[in-house]
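Hi,

Here is the structure I promised to pass on. Have a look first, and my notes follow below.

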Amino acid sequence: MPQKHEHIEWVDTVKGIAITAVVLCHISFTGGSELRPFLGNFWHVGVFFIVAGFFVKWEKLCRPFTFIKPKVTTLYLPATIIYSLAFLLHNTFVRCGWYPLGQSHPGNGQPFALLEANEVLAGILKSALCIPKGELVMGAMWFLYTLIYSFIILTILAWGIEKAVARRNWTGQKKTTLMLLVALCLQFGALLFTNIYGITIPRISTACTAVALICIGKMMFQELQCKFDNVLILLTALIIAIQCIVFDGGQITLASNRYHDMLQLDMGCASVLYIIAFLAKRFESSLIAKGFAFLGKESLYIMALHILGFFCCNTLLLHMGVYGSNSHSYYTYEINGSPLIVLAYLAFGLAVPVVIINIYRFAVKNVVKICKNKAA
């Protein structure tokens, strides 16, 4: 997550493992749905929200303007720019075959078509308002917008609690405990109103679940000062995680965020986080852990752009003759049991976002350097 804090290697490793699971879950395994609960589904995105709670400080959190202001550059602008570019390139994606013209979008059922200029502008405006949808290549961007919504809800919640207990001289742990309880009630109510009564929209209930997960992370890391080294807690976490996997069936996801999955999402995500963190700390100095830590540092951009990497891989596999010209896909073509193709998609899904963001950083760095030289 794009928080301004000192990097903790094992936390980056946790994020790297989680983002790798996200990418793997978006690859179309034929007959491999039984792997999905292990790869993620109910936990892989939720882990990021819990980790975000590790570094949320109450002093800033209870002051909405102070808390939200830096999020404009770290979250809002990247989300707006990336999704706006997707709308601008929509017709290019159609013409190059990434969006099969006339076939239905798997998410909304609408047929893919070339956009008029006013539709592109409307899409950019929706991106600026944090309510875009419809671009297949941006299928995972719901995470970034949910993070923005959840931070807004969270800081308003903290501000209200700070005002309510101002005269009670409460400790930070008491405030965090109260915020967690309120967040869980908010999550329960939002899920009830969305899934049972249909009063609110799923986007709101998902954000409320994210708020609860952030509060869980804050409680674990800051208030309880969890060290992630207790074997008894590890065994308990394993039992909970296995229970969630057994009852998951590939259906429990934060994106769908159903009313009856609340316990599995909250307890399951926290349990899997503990397991991964336990292992990440044990093997922190290993080469594999450092590789995952590198991915963890870039996890925000991998989350946003890994489907673009899949589409690049689709094109390459078509040109190599692995698939026919009539092949179509959701994110990736069906794998048909080939581990090499799985590795190819995984490599593209992880590498393309990293390459893109580093090219962008290099360009910005040099533009800034040129401007400074001219000013001097």
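Over which residues does pLDDT (the predictor's confidence in each residue, from 0 to 100) stay under 50? That stretch is residues 1–5, for which the model has 13 contacts beyond four places in sequence, a contact being heavy atoms within 4.5 Å.

Some ground rules: this is a predicted model, where local features need pLDDT of at least 70, side-chain atom pairs count only at pLDDT 80 or more, and totals for chains, interfaces and linings use all residues. Residues are numbered from 1 along each chain as its sequence is written, and side-chain values use heavy atoms, with hydrogens and water left out.

On average the protein has a pLDDT of 88, and 94% of the residues score at least 70. Confidence is lowest in helix α2 (residues 36–39), with a mean of 67, and highest in helix α13 (residues 287–297), at 96.

As for the fold, I count 15 helices and 0 strands; these are DSSP runs numbered from the N terminus, helices being H or I with at least four residues and strands E with at least two. Of the 376 residues, 50% are buried, meaning under 20% relative accessible area with a 1.4 Å probe, protein chains only.

T80 is buried, because its relative accessible area is 13%. Beyond its neighbours within four places in sequence, T80 touches S127, A128 and Y145. Its side chain also reaches the backbone oxygen of Y76 at 2.9 Å.

Cheers

Technical notes:
A polar contact is a pair of N or O atoms within 3.5 Å; within protein, one must be able to donate a hydrogen and the other to accept it, and residues adjacent in sequence count only if both atoms are side-chain atoms.
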